[in-house]
Amino acid sequence: MNRIFRPLPMGIFATVLILTSIIFRTTVLRAQPAPAAKTADQAFKNVQMLKGIPPDQLIPTMQFISASLGVECEYCHVEGAFEKDDKKTKQTARKMMEMMFAINKGTFENRRAVTCYSCHRGATRPVAIPIIPSGADATNRNEPTKIAGNDTHAEDQGTNLATVVDPILEKYIAALGGAASIQKVASRFEKGSADLAGKQFPIEIYAQAPDKRISVMHLPNGDSITAYNGRVGWRSVSGRPTQWMSPAEADASRLEADLLLPLRMKQIFSDLRLMPTNKIDGRDVNVLQGLREGKPPVNFYFDQQTGLLIRLVEYADTALGLNPTQIDYADYRDSNGVKIPYRWTVARPRGKFTIQIESVQHNVPIDERKFVPPAPGASEQKPSSP
């Protein structure tokens, strides 16, 4: 893929590429893992404002700009020659980043309090005059959940008392069938379909304890694969070079691949905080926020009545801000004594897709060769950036 962060023209093949890139948390993957010592300006051409950041953060950072302004790559970049500075919008983008860095450094003690989205809100030109919302807008405008430690002191947001956190986790585990039933699941094989913009694609998902998972989507011209084997993650599409997950992407995939996640949440997250009660589709939900040192938080939304997890929101860190991914779980059914969601929808600022499971098998043998990463392919042309 020569243009890693350029959206492809819509069509069946483009739809497939978009879908497979987000099955494990939609983010952009690198063609080749960069050496640890490299920085973005060493790995990519003509990087001026984002010098010094890790190479794997550059493309997600471009995604953050794209989502914040509601634009595609060609708004700033010359198609096929991203390193060129021909467009005025690219020069403006650099000035805006310089201004944003100065504001955060001079006013907010170098904390990332102001981002592109703070002013743009999905538009190329910030709105200078307050908008009078319609009745629907006024009543349905929901602010995102606060992130502990992001803009105020963590101790001022939520409570991490075991007396309020533990009962929520215990009810969740009980709703799934109990700890003993969850622990009996050593592998899971699911078959279903993926729906993106009305197009249906057959999909199979293999999961092996403790943290291996691979999805295989069957296409007319070959299989599209997204995998994580407990160490590295990758994506392969028929006729294209293998793309390797960045460390941040692999970390997110590890969470999803963990079959024992309900039992291990207190081990994985150094701090679990109860956030203000929220509503999803008219249902009251308890919100737990999981915190880990040096990583963005993960928000878990539990239905107060059933105890089941109905939403997960996580954030991918970039050089300019956090990219959110929201997963809504539904259609919970019993499968050999354990309740699992048969449908989930993954949404990001620029799109969403749904997977509907049709059949599930637990504790079936899975060929370990499925989790062996492919031999590294040829490097792909790397795009440039501000």
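# Cavity, salt bridges and strand pairing

Asp258 is buried, with a relative accessible area of 9% (buried is under 20%, exposed over 50%, partly exposed in between; 1.4 Å probe, protein chains only). The model is predicted: local features need pLDDT of at least 70 and side-chain atom pairs pLDDT 80 or more, while totals for chains, interfaces and linings use all residues. Residues are numbered from 1 along each chain as its sequence is written, and side-chain values use heavy atoms, without hydrogens or water.

**The largest cavity**

- The structure holds three cavities of 30 Å³ or more (on a 1 Å grid over the protein atoms alone, a cavity is a set of points where a 1.4 Å probe fits but cannot get out).
- The largest cavity has about 540 Å³ of space, taken as the space filled by probe spheres set on its grid points.
- Its lining consists of 26 residues (those with an atom within 4 Å of a point), and Asp258 is among the five nearest the centre, with Arg188, Glu256, Tyr329 and Pro341.
- Elements that give two or more residues to this lining include helices H7 (162-176), H9 (247-257) and H10 (261-268), and strands E1 (187-196) and E12 (338-348) (helices of at least four residues and strands of at least two are DSSP runs, numbered from the N terminus).
- E12 gives the most to the lining, with five residues.
- The lining has 19 nonpolar residues, seven charged ones and no polar ones (Asp, Glu, Lys and Arg count as charged; Ala, Val, Leu, Ile, Met, Phe, Trp, Tyr, Cys and Pro as nonpolar; the others as polar).

**Helix H7**

- H7 has 15 residues and reaches 21 Å from its first C-alpha to its last, close to the expected 21 Å (1.5 Å times one less than the number of residues).
- Among the buried residues of H7 are Val165, Asp166, Tyr172 and Leu176.

**Salt bridges**

- Side chains of opposite charge can pair when their charged atoms come close.
- The whole structure has 17 salt bridges (a side-chain nitrogen of Lys or Arg within 4 Å of a carboxyl oxygen of Asp or Glu).
- Asp258 pairs with Arg264 in one of them, with the closest N and O atoms 2.7 Å apart.
- Arg264 counts as partly exposed because its relative accessibility is 29%.
- Asp251 and Arg292 also form a salt bridge, at 3.1 Å from N to O.
- That pair links distant parts of the chain, since Asp251 is in helix H9 and Arg292 is in strand E8 (residues 283-292), 41 residues apart.
- Both Asp251 and Arg292 are buried.
- Lys279 and Asp284 form a salt bridge whose closest N and O atoms are 2.7 Å apart.
- Lys279 has 52% relative accessibility and so counts as exposed, whereas Asp284, at 34%, counts as partly exposed.

**Strand E13 and its partners**

- E1 and strand E13 (residues 351-362) run antiparallel and are joined by eight bridges (strands pair if DSSP finds at least two bridges between them).
- Arg188, one of the residues nearest the centre of the largest cavity, has His362 in E13 as its bridge partner.
- E12 and E13 also run antiparallel, joined by six bridges.
- Ala347 has Lys352 in E13 as its bridge partner.
- A hairpin of two residues joins E12 to E13.

Terms used: 1 Å grid on protein atoms, 1.4 Å probe; cavity = no way out; pocket = protein on both sides within 12 Å on 5 of 7 lines; lining within 4 Å.
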